[in-house]
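Colleague: Could you take me through this one and tell me how each label was reached?
Modeller: Gladly; here it is.
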Amino acid sequence: MESVKVINLKKIFGEQIAVNSINFTIGEGEIVGFLGPNGAGKSTTMKMLTGFLPPSAGESWVTGFNVEKNPLEVKRNIGYLPEHNPLYLDVYVKEYLLFCAGIFKLDKKEERVKNIIDRVGLTPEYKKKIGQLSKGYRQRVGLAQALIHDPKVLVLDEPTSGLDPNQIVEIRNVIKEFGKDKTVILSTHIMQEVQALCDKVIIINKGVIVANDNVQNLQNTSKTKTIIVVQLSKEIELNIFRAVQGVLQAKRIAANKYELECTSDIREQLFFAVAPTGSAIINMQLEQQSLEEIFKILTNPNLKV
Amino acid sequence: MIAVFLKEIRGFFSSLIAYIVIIVFLIIIGLLTWVFKNNTFESGYSNLDILFFWSPSVLIFLISAITMRSFSEEKKSGTLEILITKPLTDFQIVLGKYFAGLVLVFLALLPTLIYFFTVYQLGDPVGNIDTGATWGSYMGLLWLGSIYVSIGLFSSALTDNTIVAFILSFFLCLIMYIAFDLLSGVSWFSGIDYYVQWLGINSHYQSISRGVLDTRDLLYFISTTVLFLWLTKTKLESRKW
């Protein structure tokens with residue numbers, strides 16, 4: 001069953017079309033990465049999904065409820081962490097979370113707050129004012145706020161931006177932990193994040209979806225050729241490589257190191273071709289085209305493979 | 001709504017805002033009533049007219065100060081986005097903040113009951129005070145505060161700058177309180193001066209201060225409060241236009 005459905009969603013700010021008639025669906029329990037350069041329309045789309053901004057045209061549904069017609073039901077089922085993680089800085093962590101729990105009219109508030117503080121790893125800091133916390137802990141407060149009512153859908157707008165590498169890993173772990181039984185949409189412009197966290201990726205550029213697929217497929221399909229890097233113990237003639245069927249191009253990139261453009265993964269054939277020359281294969285590597293390159297290609301029309 | 005209300009109240013009391021508002025109000029009003037020239041003792045009558053004469057002006061200043069942050073700060077820091085994406089209607093957010101402001105006004109007025117008690121005891125004979133008019137005036141002050149709070153919220157919703165919100169609120173409260181009274185004296189309005197005066201808070205405040213709870217006055221107070229609360233809500237919703 002789909003938990004988020006978006007049909008022809010469009011947002012126009014004055015003259016500028018921020019989001020241009022996008023369509024997508026997200027299944028229950030999926031973790032989806034919303035990828036795109038700054039100003040691509042990621043945040044705007046999220047704001048429309050969470051009911052903060054109304055769309056100029058089109059409709060969206062969250063857990064079966066129409067965002068425009070049933071905003072309160074949608075908001076009850078969504079946990080939202082806005083970009084830049086806005087917080088009341090002069091409020092105590094626990095007080096703030098109790099306030100959020102109060103809005104949702106949850107019972108056993110104290111217990112829930114304690115539980116969520118524990119789960120997002122805020123325990124050492126929960127007696128402080130939010131303004132006294134480091135950025136990483138503030139981000140945890142933002143996550144706790146979004147998670148307190150145990151929502152079915154989690155919408156996170158750049159949850160790891162501005163954090164140091166350790167904090168990024170920690171926040172990712174929290175997201176992963178909670179993402180097990182939730183639908184998660186997270187926006188980012190960091191490729192590794194998508195690779196580390198997401199099942200699916202939606203790439204958006206200038207308000208248009210340029211790719212919507214699972215991470216594995218995207219890596220395979222957009223790859224036009226296979227690159228194999230071979231490291232040998234001794235130099236050999238490039239022609240030996242060229243003679244192997246499937247090799248399109250061979251080039252020496254360093255001492256004893258060759259880069260081969262092939263039609264497919266022909267590592268086995270290469271092994272037998274090199275073996276008779278007396279040069280041993282020390283290393284042979286299949287280069288995966290990284291999401292980063294795919295992203296570059298998809299979001300920059302002037303760049304072709 | 002209750003969650004927002006409690007959060008605002010807690011905000012008032014955990015920062016110094018609530019204490020400062022109450023203390024400053026009591027000091028100013030206390031000085032005017034008991035110490036400065038033309039004080040209650042000098043008037044020769046056992047009444048609190050001076051308190052009720054000055055309070056509306058002092059409240060303009062204080063209520064503008066307590067409401068100036070309510071929306072402007074939330075807008076500026078982005079927390080309004082969190083609030084709006086919670087399962088609350090825009091009107092619930094506005095009402096939560098409105099009642100919190102009103103409670104603060106109530107708490108500021110509460111200690112002045114001691115003044116009432118004092119004058120009551122000082123009367124000759126004891127208790128020689130127009131109790132009806134005093135209670136009426138207190139009612140009037142609360143209603144006046146209610147309009148001020150709604151004006152303050154509206155001004156705060158208009159901008160993300162707290163100082164602009166304060167000045168705007170101050171200006172609008174002043175207009176609503178006294179400007180219509182003054183305008184009614186202008187010769188242009190000679191035929192309709194009563195109606196012009198009727199638009200301002202002061203005429204209704206004076207009327208209720210006599211101790212008569214006229215439904216027309218109540219209707220004015222309620223509808224003006226609701227009008228500004230509605231305008232605030234409409235402003236919040238304007239993000240959707």
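Modeller: Let's start with a pair of helices: H7(B) passes H9(B) in a right-handed crossing. A crossing is right-handed if the near helix is turned clockwise from the far one by less than a right angle, and left-handed if anticlockwise. This is a predicted model, where local features need pLDDT of at least 70, side-chain atom pairs count only at pLDDT 80 or more, and totals for chains, interfaces and linings use all residues. Residues are numbered from 1 along each chain as its sequence is written, while chains are lettered from A and ligands numbered from 1 in the order in which they are written.

Colleague: Why is H7(B) called oblique to H9(B)?
Modeller: Helix H7 (residues 90–109) of chain B and helix H9 (residues 131–158) of chain B pack at about 140°, with axes 9 Å apart. Angles under 35 degrees count as roughly parallel, over 145 as roughly antiparallel, 65 to 115 as roughly perpendicular and the rest as oblique. Therefore H7(B) is oblique to H9(B).

Colleague: What makes Ala57(A) partly exposed?
Modeller: Ala57(A) has 13 C-beta neighbours inside 10 Å. Buried takes 20 or more other C-beta atoms within 10 Å, exposed 12 or fewer, and partly exposed is in between, with C-beta atoms placed from the backbone. So Ala57(A) counts as partly exposed.

Colleague: Which residues is Ala57(A) in contact with, leaving aside neighbours within four places in sequence?
Modeller: Asn8(A) and Lys10(A); contact requires C-beta atoms, placed from the backbone, to lie within 7 Å. Ala57(A) itself is in strand E4 (residues 57–62) of chain A.

Technical notes:
Axes are lines fitted to C-alpha atoms, for helices over the stretch in contact, and angles run from 0 to 180 degrees between N-to-C directions. Helices (H or I, at least four residues) and strands (E, at least two) are DSSP runs, numbered from the N terminus. Two residues are in contact if their C-beta atoms, placed from the backbone, lie within 7 Å.
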